[in-house]
2 protein chains.
Amino acid sequence: MGKERSEKEKVGGGGGGGGEHNKRNMFVSCVVMNSCAAELKLVLTALLVLCSIATLFQILPSRFTISASDLRFCISRITTTTTTTTTTTISPLNSTTTTIPLTPSPPSAQKDQVADNGVIKRVFNPYGSAAYNFITMGAYRDGHNTFAIIGLASKPLLLYSTPTYQCEWVPESSSASNSTFSTVSYRILPDWGYGRVYTVVVVNCTFSEAVNGENSGGKLFLEASTSGGGDKNRNITDRFEVLNESPGDLNMSLFSSKPKYDYLYCGSPLYGGLSPQRVREWIAYHVRLFGERSHFVIHDAGGVHEEVLEVLKPWLELGYITLQDIKEQERFDGYYHNQFMVVNDCLHRYKFMAKWMFFFDVDEYIYLPPKNTIKSVLDSLSDYTQFTFEQMPMSSKLCLSADYGRYYRKWGIEKLVYRDVKRGVRRDRKYAIQPRNVFATGVHMSQNFAGKTTYKTEGKIKYFHYHGTIAQRREPCRNLLNVTEINFEKVPYVLDTTMRDLAWSVKKFELKMIGPKLQNTRQ
Amino acid sequence: MGKERSEKEKVGGGGGGGGEHNKRNMFVSCVVMNSCAAELKLVLTALLVLCSIATLFQILPSRFTISASDLRFCISRITTTTTTTTTTTISPLNSTTTTIPLTPSPPSAQKDQVADNGVIKRVFNPYGSAAYNFITMGAYRDGHNTFAIIGLASKPLLLYSTPTYQCEWVPESSSASNSTFSTVSYRILPDWGYGRVYTVVVVNCTFSEAVNGENSGGKLFLEASTSGGGDKNRNITDRFEVLNESPGDLNMSLFSSKPKYDYLYCGSPLYGGLSPQRVREWIAYHVRLFGERSHFVIHDAGGVHEEVLEVLKPWLELGYITLQDIKEQERFDGYYHNQFMVVNDCLHRYKFMAKWMFFFDVDEYIYLPPKNTIKSVLDSLSDYTQFTFEQMPMSSKLCLSADYGRYYRKWGIEKLVYRDVKRGVRRDRKYAIQPRNVFATGVHMSQNFAGKTTYKTEGKIKYFHYHGTIAQRREPCRNLLNVTEINFEKVPYVLDTTMRDLAWSVKKFELKMIGPKLQNTRQ
């Protein structure tokens with residue numbers, strides 16, 4: 001595969017000016033040397049052609065080589081701050097005199113020096129790059145004057161240094177001078193100290209007044225400064241475009257109008273060999289539960305293979321699902337398929353499109369006790385920005401003897417009927433939020449929001465968790481039992497047919513909505 | 001302070017070839033258009049001048065701008081592997097088709113795309129650099145065909161990825177083809193899992209045959225590959241010169257001849273407000289102990305301030321000390337002033353210059369019981385590559401009532417006479433090695449050596465440790481006691497005048513060696 005020189009070399013404004021100056025001198029000497037107009041024309045033509053060639057050199061990818069590529073840092077200058085390209089600025093952090101060059105990687109190694117008093121002054125030569133400073137996933141407008149940028153940053157940078165983030169708004173029709181900077185810029189690290197090479201950052205930028213109020217378009221830039229993280233002598237600032245609003249595109253009424261959906265599901269990254277049948281059951285169950293004014297955002301980190309896509313397709317076509325292909329994030333080594341980044345992207349991307357947002361997994365089933373509807377439950381919790389609800393852990397292999405010979409045709413929620421009732425175990429909870437009041441979110445709860453939170457939801461809402469079933473392509477039933485209570489592998493279980501009793505109505509719902517096309521789905 | 005464009009832009013050999021081709025076409029058309037020889041000359045002159053200008057453009061730093069610098073990655077190609085400059089090669093790690101550009105930082109952000117089936121393909125745009133891939137401190141020849149490179153590498157790179165290192169030897173008088181690659185290249189991580197942004201790496205490279213055997217000079221390059229550490233799709237290899245042997249410079253007999261010194265001290269980084277008087281005592285004591293065929297390598301990480309330098313100077317002038325200014329390493333955030341890197345640099349730098357190497361601190365005093373000399377002890381341990389010896393912890397504040405009124409004139413080892421005898425406490429040991437058999441070392445022992453190690457040195461050698469005295473500029477004596485045993489702050493102490501009894505002879509030795517010039521040294 002050919003490697004292309006995809007970054008155009010660029011001689012800065014000043015450098016170009018210097019070249020121009022030289023050319024003029026040359027031109028003057030030509031005039032002195034030759035008075036012949038025809039010759040002058042020729043020289044000018046030659047100049048033009050040569051300049052064109054020289055320019056092409058700077059722009060065209062070089063397709064002539066066959067050997068290893070030689071990448072290096074090149075510094076050129078910019079004289080305007082309204083460029084739309086990425087820039088990196090390096091400034092010394094301390095004000096003491098230093099012999100360290102200001103380029104990240106010096107062209108050739110410095111050498112140790114022996115001072116007059118015999119002291120050996122050792123040099124340390126740094127090379128290359130082991131991690132990016134910042135990786136963007138999404139940038140979203142959160143209001144008239146506020147934005148959120150979701151991405152990854154280097155973990156040791158955040159652990160041992162204090163990188164800073166600032167936003168700059170550059171109007172579309174701007175002269176260089178009228179860009180504005182955010183007055184409040186703070187970062188949220190929502191991933192509870194997890195992370196590996198990279199960790200999740202949500203940058204919140206707020207400007208002192210409305211941005212793009214005239215709807216004439218503009219661009220948001222993020223400036224990410226290392227503050228000496230990788231090199232204490234250098235504050236490296238990377239500046240890059242994160243959001244582009246075209247003229248007329250902005251609809252400020254979005255922030256105050258009724259959201260399109262009542263309930264939106266933000267899924268964690270799906271990966272591995274998921275069972276199409278389990279996914280089929282899950283989506284039919286939850287479309288039925290959440291109803292017409294709901295939407296499901298599914299994040300495919302490699303788990304939505306051909307057969308899983310088949311069971312999602314009917315619901316995709318009905319408009320219930322948005323499928324986000326996030327396989328690219330696997331390039332960046334963070335916690336658990338960059339789960340915390342993904343849920344935060346979902347939060348901000350759909351913040352104004354739903355009244356409530358739910359965060360749970362595809363092996364988990366929300367359950368509302370009899371006489372409750374999703375509307376009645378959420379209306380009763382509308383004073384809260386966030387509520388959490390408890391888990392009902394279900395066995396992934398204990399089934400009923402009564403299903404003998406038929407269990408392979410039954411749904412997971414129908415045949416897995418034994419509930420783990422071990423006491424004294426702290427069990428994860430799941431949660432829902434009203435996203436307009438939330439700045440960042442997590443996997444089991446949000447810790448960055450305005451308003452109140454409650455965990456007193458018993459009797460209103462809970463979830464059944466079929467841990468270990470979703471990536472299982474074999475038949476889950478391993479033990480057929482004929483009891484209402486059992487100790488299995490030192491864990492006490494009781495028979496719980498709550499979900500089993502609902503299965504028939506979910507099947508009926510699916511048939512009504514999408515017909516029989518998924519009837520032959522495999523485990 | 002003006003920032004300079006210190007990395008020269010470089011159009012690769014292939015690109016240059018293409019340009020040449022274009023110029024020839026131009027030249028041909030000129031010939032067709034003009035048959036006049038004078039005009040042709042003029043055009044050729046213009047060509048030459050313009051080419052020179054174009055070349056200068058690539059080389060000269062641009063000194064014309066005043067604004068922020070715009071740093072960007074530029075990729076050019078190399079067609080030869082014998083260049084002496086730093087190169088970075090990026091290759092895809094997986095062989096699947098990918099739309100990711102091969103530059104570390106794309107020129108402008110990619111955008112999300114919606115596929116035909118409605119799936120949103122999300123992109124993740126990486127920017128900048130948070131940490132270097134590799135930072136060199138030193139590279140040393142370890143034998144006819146083997147080398148060691150000591151430096152720092154990105155900690156998460158080593159923790160979560162498997163970066164690889166390889167050496168390349170490029171003879172001075174080489175054509176492109178006759179460079180050779182090391183057959184065995186392995187990395188040692190000597191710092192026991194410590195490290196922060198950076199961690200210590202010792203790369204050992206061994207070639208299949210003698211390198212630079214003809215003594216005609218050459219260069220050693222290290223190739224450090226990230227193996228996808230910061231970006232799983234990319235294997236970024238930085239190649240840079242680490243060692244340069246000029247023709248005739250190599251003395252192969254060094255590796256087999258008797259070392260210049262019998263005993264060499266490798267000190268850990270000195271930092272903070274050290275007490276000149278304590279340092280004065282320490283160096284006089286140890287020059288006396290180790291004798292004429294000894295040498296002390298002191299590493300100044302900021303601790304050798306003006307007054308400390310004063311007390312070292314007489315010994316520097318006598319040739320007993322080499323002072324290494326390593327303040328620059330503070331730029332790179334590692335464990336404890338990059339202590340592990342510093343001792344490993346010392347090991348390899350002086351590997352063939354000493355029979356034995358000692359690693360301990362400047363608040364520690366080696367002690368040999370009566371009837372032992374340093375020679376007799378080490379001769380008895382010569383079968384061992386390494387031996388460790390035990391600590392005698394001394395109080396940093398308990399003194400003798402007998403010294404009342406005079407203690408401020410007494411030396412630290414003279415007046416601090418109470419030894420901590422608390423049982424059941426694991427105490428650090430210190431160690432010495434025969435460096436020719438050692439590949440990497442630590443602070444309390446080496447774990448990478450050939451041969452045997454022993455800790456059975458009781459009765460032969462031990463060390464007194466005056467913890468908390470070296471960075472203390474106040475008078476250490478706080479409590480004057482007139483007892484042989486005491487429990488102080490819940491710790492049992494006994495009177496131990498071993499070192500006190502030696503003080504007079506150390507003072508006499510100092511006076512003999514350097515005269516009275518340090519008599520007025522302050523605490």
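Predicted model: local features only at pLDDT ≥ 70, side-chain atom pairs only at ≥ 80, totals over all residues.

Trainee: Which residues make the contact between H4(B) and H9(B)?

Mentor: H4(B) contributes Arg280(B), Ala284(B), Tyr285(B), Val287(B) and Arg288(B), while H9(B) contributes Leu502(B), Ser505(B), Val506(B), Phe509(B) and Glu510(B). By class, six of these are nonpolar, one is polar and three are charged.

Trainee: In chain A, what makes H4(A) and H5(A) roughly parallel?

Mentor: Helix H4 (residues 276–290) of chain A and helix H5 (residues 306–317) of chain A pack at an angle of about 20°, with axes 8 Å apart. Roughly parallel requires an angle under 35 degrees. The angle of about 20° meets that cut-off, and the two helices are therefore roughly parallel.

Trainee: What is the handedness of the crossing of H4(A) and H5(A), and which residues form the contact?

Mentor: The crossing is right-handed. On H4(A) the contact residues are Pro276(A), Val279(A), Arg280(A), Ile283(A), Ala284(A) and Val287(A), and on H5(A) they are Glu307(A), Val308(A), Val311(A), Leu312(A) and Trp315(A). This contact has nine nonpolar and two charged residues, and no polar ones.

Trainee: How do you know that Asp238(A) is buried?

Mentor: Asp238(A), in strand E13 (residues 234–245) of chain A, has a relative accessible area of 1%. Buried means under 20%, so Asp238(A) is buried.

Trainee: What makes the pairing of Asp238(A) with Asn133(A) a polar contact?

Mentor: The side chains of Asp238(A) and Asn133(A) are joined at 2.9 Å. A polar contact needs N or O atoms within 3.5 Å, one able to donate a hydrogen and the other to accept it. Beyond four places in sequence, Asp238(A) touches residues of both chains, including Thr87(A), Leu222(A), Tyr127(B) and Ser129(B).

Trainee: What makes Thr441(A) a buried residue, and what is its side-chain partner?

Mentor: Thr441(A) is in the loop between strand E23 (438–440) and strand E24 (448–449) of chain A. A relative accessibility of 2% is under the 20% cut-off, so Thr441(A) counts as buried. The side chain of Thr441(A) makes a polar contact of 2.4 Å with that of Tyr431(A). Other residues in contact with Thr441(A) include Pro190(A), Phe340(A), Leu347(A) and Phe359(A).

Trainee: Why is Trp192(A) called partly exposed?

Mentor: Partly exposed covers the range between buried, under 20%, and exposed, over 50%. Trp192(A) has a relative accessible area of 42% and is therefore partly exposed. Trp192(A) is in the loop between strand E10 (184–188) and strand E11 (198–206) of chain A.

Trainee: What makes the phi values of Trp192(A) and Asn338(A) worth noting?

Mentor: Most residues other than glycine have a negative phi. Trp192(A) has a positive phi of about 55° although it is not a glycine, and phi of Asn338(A) is also positive, near 55°. Asn338(A) lies in the loop between strand E16 (321–325) and helix H6 (339–349) of chain A. At 2% relative accessibility, Asn338(A) is under the 20% limit and so counts as buried.

Methods: Residues numbered from 1 in each chain as written. Chains lettered and ligands numbered in written order. Heavy atoms only, no water. Axes fitted to C-alpha atoms, helices over the stretch in contact; angles between N-to-C directions. Helix = DSSP H or I, 4+ residues; strand = E, 2+ residues; numbered from the N terminus. Parallel < 35°, antiparallel > 145°, perpendicular 65-115°, else oblique. Left-handed = near helix turned anticlockwise from the far one by under 90°. Contact = heavy atoms within 4.5 Å. Nonpolar A, V, L, I, M, F, W, Y, C, P; charged D, E, K, R; others polar. Buried < 20%, exposed > 50% of the residue type's maximum accessible area, 1.4 Å probe, protein only.
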